[in-house]
Amino acid sequence: MYKNLINGEWVDGVRSSRNINPSDTRDVVGEYAQADASQARSAVDAAQAAFGAWSQSTPQQRFDVLDAAGNEIIARKAELGNLLAREEGKTLPEAIGEVGRAGAIFKFFAGEALRQAGDLLASVRPGVRVEVTREPIGVVGLITPWNFPIAIPAWKLAPALAFGNTVVLKPADLVPGSAWALADILHRAGLPKGVFNLVMGRGAEVGTVLLEDPRVAGISFTGSVATGQKVAAACLARMAKFQLEMGGKNPFVVLDDADLGVAVNCAINSGFFSTGQRCTASSRVIVTDGIYERFMAAMVERTNALKVDDARLAGTDIGPVVDEKQLAQDLEYIAIAQAEGATLAAGGRAQSHSSQGAPGYYLTPALFTDTTPGMRINREEVFGPVISVQRAKNYDEALALANDTPFGLASGIATTSLKHATHYKQHAQAGMVMVNLPTAGVDYHVPFGGRKGSSYGPREQGRHAAEFYTTVKTAYTQA
Ligand code: NAD
């Protein structure tokens with residue numbers, strides 16, 4: 001039984017949940033404690049009590065803890081990647097890559113703890129100096145989704161701790177293993193008790209405590225739009241700070257002048273890899289007339305050649321869908337698209353077993369053509385290996401289609417035209433724009449986030465993370 005970490009102690013839950021391997025549903029990754037509301041409040045008590053001392057800790061103390069955690073994560077990336085692939089279902093190389101990224105994030109923010117700077121200005125009044133500094137906001141509640149079980153907790157936790165906040169983390173119910181491993185690493189890395197608390201449990205129970213407790217100064221949330229709206233309403237009601245990263249319906253435009261190989265690689269990678277379960281996945285591919293036939297022929301061939309199998313088998317391109325509920329959602333959208341008149345050009349079939357005969361939630365990647373902007377497949381996030389292709393007459397129409405969405409996380413284009421690439425970077429209505437690169441797959445040291453219905457509040461990651469995890473103080477001194 002893997003327990004919760006509250007005030008430096010490993011604590012039993014009121015019940016437990018079974019972490020199941022989606023590649024082989026007979027395989028139980030472990031039993032994980034589930035906290036209730038009262039235990040979640042104890043975690044907030046602990047974080048509140050620890051805040052005074054941690055907020056005054058030296059940058060060296062914070063550096064040492066975060067750097068040690070980053071080193072251990074990187075040293076154990078094969079083992080932790082195996083755990084991540086086993087509980088979430090992304091392929092082993094993807095999972096190991098995610099763990100490496102989590103380690104790098106801790107090391108980046110270890111450095112940021114040392115690099116915190118302020119401004120010293122002359123006042124407009126004679127003899128007065130003005131100092132502008134940043135301070136931690138207090139206890140922060142971190143609520144994370146299942147699709148990046150270690151990287152998302154890492155990119156919230158590392159800046160929270162680096163800037164002197166104390167933390168209560170509630171990871172996604174489906175994938176507690178990687179978050180537990182992170183808690184174990186941080187616990188041994190020398191954090192004082194109560195600075196970091198892990199409470200695994202139900203969103204509606206444990207999550208609600210974090211949203212409503214007046215001692216929680218800020219909530220950083222990544223997950224669905226529906227839950228994000230609840231987070232926003234609860235935080236606004238008590239004027240807590242909040243930051244939301246939510247869904248996407250990211251476009252990838254392929255222009256006539258694109259390098260065909262680059263365009264196909266980008267579309268396949270960001271549409272289908274990680275089983276399409278990435279907020280930055282390109283689920284809409286918009287192709288101009290002149291390249292359409294060649295591009296589609298290559299896409300159908302590549303899609304049919306992808307190997308869908310156990311996440312941890314060598315040679316697997318696409319692992320299983322995360323669970324039965326998500327698989328049902330994917331299949332429902334595939335049926336809706338067909339009912340609305342889209343053509344299924346490849347894939348879209350559930351498979352009950354791996355090549356080794358293990359029962360799991362397998363789905364061959366689905367490629368739709370003949371789709372129109374109003375179809376639900378082009379408007380709503382599926383969160384599975386499903387690409388819908390739209391045809392455009394020219395660049396202007398392609399750009400308009402790309403922006404025709406309530407979301408705005410990532411937006412990509414394949415082109416060899418400097419003019420179109422430059423125009424697209426300026427006019428794509430998204431927080432992140434990629435030229436000749438997949439929309440999914442970003443650097444860890446630069447801002448991450450979107451606009452429109454995808455995100456709310458300050459950016460995450462890189463130096464911009466300080467916007468959420470600190471508050472600014474302006475001090476005046478008469479010499
Ligand atoms: P979800 O909204 O169901 O759950 C996210 C987290 O919120 C979980 O920890 C859950 O337990 C918790 N939660 C649920 N109900 C709650 C409540 N009432 N109060 C407080 N917490 C509650 O999302 P999910 O299914 O885990 O993740 C998939 C979604 O996440 C997709 O929509 C995807 O696009 C999005 N996502 C976005 C980004 C991004 O950065 N934009 C990154 C990854 C995933």
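Which helices each supply at least two residues of the lining of the second largest pocket? In this predicted model, the helices in question are α4 (92–115) and α5 (151–162), and the sections below set this pocket beside the largest one.

## The second largest pocket

The second largest pocket has a volume of about 400 Å³, and its lining is made up of 20 residues, among which Arg101, Phe148, Arg278, Gly441 and Val442 lie nearest the centre. Of the elements that contribute, α4 gives the largest share of this lining, with 4 residues.

Sorted by class, the lining of the second largest pocket holds 9 nonpolar, 5 polar and 6 charged residues. At least three of its lining residues are drawn from domain 1 (4–246 + 454–478), and at least three from domain 2 (251–435).

## The largest pocket

For the largest pocket the volume is about 1000 Å³, and 35 residues line it, with Pro145, Trp146, Gly223, Ser224 and Thr227 lying nearest its centre. At least two lining residues come from each of α7 (203–212), β10 (216–222), α8 (225–237) and α11 (324–339), while the largest share, 6 residues, is supplied by α7.

The lining of the largest pocket comprises 16 nonpolar, 12 polar and 7 charged residues.

## Position relative to the domains

Conventions. Residues numbered from 1 in each chain as written. Predicted model: local features only at pLDDT ≥ 70, side-chain atom pairs only at ≥ 80, totals over all residues. Heavy atoms only, no water. 1 Å grid on protein atoms, 1.4 Å probe; cavity = no way out; pocket = protein on both sides within 12 Å on 5 of 7 lines; lining within 4 Å. Points joined across faces, edges and corners; volume = space filled by probe spheres on them. Nonpolar A, V, L, I, M, F, W, Y, C, P; charged D, E, K, R; others polar. Domains from an automatic or database assignment.
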